[in-house]
Structure formats: structure tokens, C-alpha cells
Amino acid sequence: MSTRLFLIRHGHSRSAAERVVLGHACTGLSELGQRQAEALRGRLERTGELRDASAFYASVMRRAHETAELIAPAIGDGGLEIRNDCGLCEQHPGEADGISFDEYDKAYGTIETLLVKDRSWIGAPGSESVDAMVARVGAALQMISDEHSGDTVVVACHGGVVGCSFEALAGIPIGTLVHFVDNTAITEWLDDGERWRLVRYNDAGHLADL
């Protein structure tokens, strides 16, 4: 049987609205993010496309967990436990946690800069290199795949995690293909027993009317 992995980016966050870098201190979804997650839930309830899910994971960062809570009634039988895993978090910002986007870019460079500069380079003290994030996310996705072989699994996560999935599952280095993922968009991978195949990427049709 094939393993199906659905990666759902979180809704728009309060930190994005305020242009502040927030990792584990995340303050959750903005009002727009809540509406986005509700729109996704409505779509999933209408289509039933994730009713066969048997496992549900989320990043421990609040914006991802709140997204998972909002869409939970439309995942599987509606009562699946949300299993939090820090392996599914966005890149850990270290001492940059809480500074503005502009301050971060000035001090450490944009993520695009880091991807081409040196993937092992660490910006803010205590933060995570690109290589470290890819390894962390790859290990988390492998664990999920191994534990739920042949199942349908839903993961509420982050744009960076979706980017890492291309490298971890298909060998496409992060940043060479994926540059943006819409809030609450669905990316679907399928393992047919021989390799992972991308079924869809950045499916966000439910946001059309927002």
C-alpha cells in the first residue's frame, strides 16, 4: 500500500502581521490566519479528501498547532489526536527570537542569502543552520513515514518544512525549487514503495474568496 503524506502550512500568523521573528515563542494565528484555516476546514468537510487520514501531526509552534486544531474536525474521523513534534518546526531562530524582520535581515541576511552563502553557517547565536534544519525535518518525516507505512498522514507545519520535504523526499535541494508556500496550502507526497512522488504542491484554492 502507498503512504500518503499531506503537508499543510499554517495560517497567517500574528508574528507575520507584526513583522517579528518568532520561533517557540510564537503568538499564534492572526484573524486572517484563523479565517484561512476555517476556509480550509470548510473545504475538507465538503470534499472529504482527508477523511482517510489515520495520523495527525503538528509542529510545536503555536501558529501550526492552532491551525491543526481548527481543521481537526475534517481530518480522519474528526477525533484524531494531534501529535506535536519539534522536528516539524520552522527554522529555529535562537537569540533572534523576537526581533523584527528588518533587524534580522540586516544582522543575519535573508533566508535566500543563507541558502546560497553557506548552508552550514549559523546566523544568530543558538539558531539553526540550513543543513541542520534539513536534517531535522528529514529525520522527522522519515520517522512518520516508517511509523505509518501504507497510511494517510496529515502534518500541520511551515513553509520551511515544505521546502525541506523536497530535499528529504526527492533529493531537490531546499531553495532551488520552492520559494513560497501560501498559508494553509496543501502539498501532497505519495510513497509508492519505490520512491516518493509529488502529487500536488501549494494547493490553496480554498483561499480564493478570502
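Leaving aside its neighbours within four places in sequence, which residues is Leu-7 in contact with? In this predicted model, the partners of Leu-7 are Leu-141, Val-155, Cys-157, Val-162, Ser-165, Ala-185, Ile-186, Thr-187 and Trp-189.

The setting of these contacts is the nonpolar interior. In soluble globular proteins, nonpolar side chains tend to be buried together. Here the largest nonpolar core comprises 27 residues, and Leu-5, Leu-7 and Val-155 are those with the most contacts inside it. At least two residues of this core come from each of β1 (3-9), β2 (55-58), α6 (130-147), β4 (152-157) and α7 (159-170). Helix α6 provides the largest share, with seven residues.

Side chains of opposite charge can pair when their charged atoms come close. Over the whole structure, 14 salt bridges are found. One of them joins the side chains of Arg-4 and Glu-188, with an N to O distance of 3.3 Å. Because Arg-4 lies in strand β1 and Glu-188 in strand β5 (residues 186-191), this pair ties together parts that are 184 residues apart in sequence. Arg-4 has a relative accessibility of 22% and therefore counts as partly exposed, whereas Glu-188, at 5%, counts as buried; the cut-off for buried is under 20%. Arg-4 and Glu-188 also belong to a network of salt bridges that links them with Arg-43, Glu-49, Asp-52, Arg-200 and Asp-203.

The side chains of Glu-147 and Arg-83 meet at 2.9 Å, N to O. Since Glu-147 lies in helix α6 and Arg-83 in strand β3 (residues 82-84), the pair ties together parts that are 64 residues apart in sequence. Glu-147 is partly exposed, with a relative accessible area of 43%, and Arg-83 counts as partly exposed at 28% relative accessibility.

What is the N to O distance in the salt bridge between the side chains of Asp-192 and Arg-197? For this pair the value is 3.8 Å. Asp-192 is partly exposed, its relative accessible area being 34%, and Arg-197, at 37% relative accessibility, counts as partly exposed.

How values were computed
Residues are numbered from 1 along each chain as its sequence is written. This is a predicted model: local features need pLDDT of at least 70, side-chain atom pairs count only at pLDDT 80 or more; totals for chains, interfaces and linings use all residues. Side-chain values use heavy atoms; hydrogens and water are left out. A nonpolar core is a set of buried Ala, Val, Leu, Ile, Met, Phe, Trp, Tyr and Cys residues joined through side-chain atoms within 4.5 Å. Buried means under 20% relative accessible area, exposed over 50%, partly exposed in between (1.4 Å probe, protein chains only). Helices (H or I, at least four residues) and strands (E, at least two) are DSSP runs, numbered from the N terminus. Contact means heavy atoms within 4.5 Å. A salt bridge is a side-chain nitrogen of Lys or Arg within 4 Å of a carboxyl oxygen of Asp or Glu.
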